[in-house]
Amino acid sequence: MYKLMVLYPEPADPDHFRDYYVNNHLPLVRLMPGLLACRYSFEVAATQGPTPYFAVFEAEFADAAAMTAARASPEGKQAAADVANYATGGAVVIHFPVQNGTC
C-alpha cells in the first residue's frame with residue numbers, strides 16, 4: 001500500500017475551508033483513478049503545545065505508480081489546482097510506502 005498525506009496549516013477563513021473542502025474539493029479527489037480509500041480530519045491535535053496543522057488528509061493507493069498516475073490524471077490535476085481555492089495557509093504534501101508488520 002502507498003499513502004499520500006496532505007497537512008494543512010491554519011487557513012485565513014476556517015469556516016470557508018471546511019465548507020469548500022467537504023462540498024467541493026473532496027468530490028474532485030474521489031474521482032481520481034486508482035484511489036482505494038481516503039480520510040480527513042479537522043480535529044488535529046499535537047501531543048504538546050499548539051498544533052501546526054488545521055486539517056489532515058490521507059489517501060491510499062495500491063503502490064507508488066498508482067499514486068503517480070492518479071496525480072498525473074486530468075482528475076488529479078484538477079484536484080491539485082483546486083487547493084488554492086480553500087487552503088490559504090498552504091499545504092504540505094508527503095507520500096510514502098506503508099510498511100507491513102506489527103508494532
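This is a predicted model: local features need pLDDT of at least 70, side-chain atom pairs count only at pLDDT 80 or more; totals for chains, interfaces and linings use all residues.

Biologist: Why is His-25 called buried?

Modeller: Buried means under 20% relative accessible area, and His-25 has a relative accessible area of 5%, so the label applies.

Biologist: Which residues does His-25 touch, not counting residues up to four places away in sequence?

Modeller: His-25 touches Tyr-8, Tyr-20, Ala-79, Asp-82, Val-83 and Tyr-86 on that count, where contact means heavy atoms within 4.5 Å.

Biologist: Which members of the largest nonpolar core touch the most other members?

Modeller: Of its 24 residues, those are Tyr-8, Phe-17, Tyr-21, Phe-57, Phe-61 and Tyr-86. β1, α1, β3 and α2 (64–72) each supply at least two residues of this core, and its largest share, six residues, comes from α1. In soluble globular proteins, nonpolar side chains tend to be buried together.

Biologist: What is Phe-57 in contact with, leaving aside its neighbours within four places in sequence?

Modeller: The contacts of Phe-57 include Leu-4, Val-6, Tyr-8, Tyr-21 and Leu-26, and also Cys-38, Arg-39 and Tyr-40.

Biologist: Turning to the largest pocket, how many residues line it, and which lie nearest its centre?

Modeller: The largest pocket is lined by 15 residues, with Leu-4, Val-6, Ala-79, Ala-80 and Val-83 nearest its centre, and its volume is about 270 Å³. By class, the lining has twelve nonpolar, two polar and one charged residues.

Biologist: Which elements each supply at least two residues of that lining?

Modeller: They are β1 (2–8), α1 (14–29), β3 (55–61) and α3 (74–82).

Methods. Residues are numbered from 1 along each chain as its sequence is written. Side-chain values use heavy atoms; hydrogens and water are left out. On a 1 Å grid over the protein atoms alone, a cavity is a set of points where a 1.4 Å probe fits but cannot get out, and a pocket is an open set with protein on both sides within 12 Å along at least five of seven lines; lining residues have an atom within 4 Å of a point. Grid points are joined across faces, edges and corners, and a volume is the space filled by probe spheres set on the points. Helices (H or I, at least four residues) and strands (E, at least two) are DSSP runs, numbered from the N terminus. Ala, Val, Leu, Ile, Met, Phe, Trp, Tyr, Cys and Pro count as nonpolar, Asp, Glu, Lys and Arg as charged, and the others, Gly among them, as polar. A nonpolar core is a set of buried Ala, Val, Leu, Ile, Met, Phe, Trp, Tyr and Cys residues joined through side-chain atoms within 4.5 Å. Buried means under 20% relative accessible area, exposed over 50%, partly exposed in between (1.4 Å probe, protein chains only).
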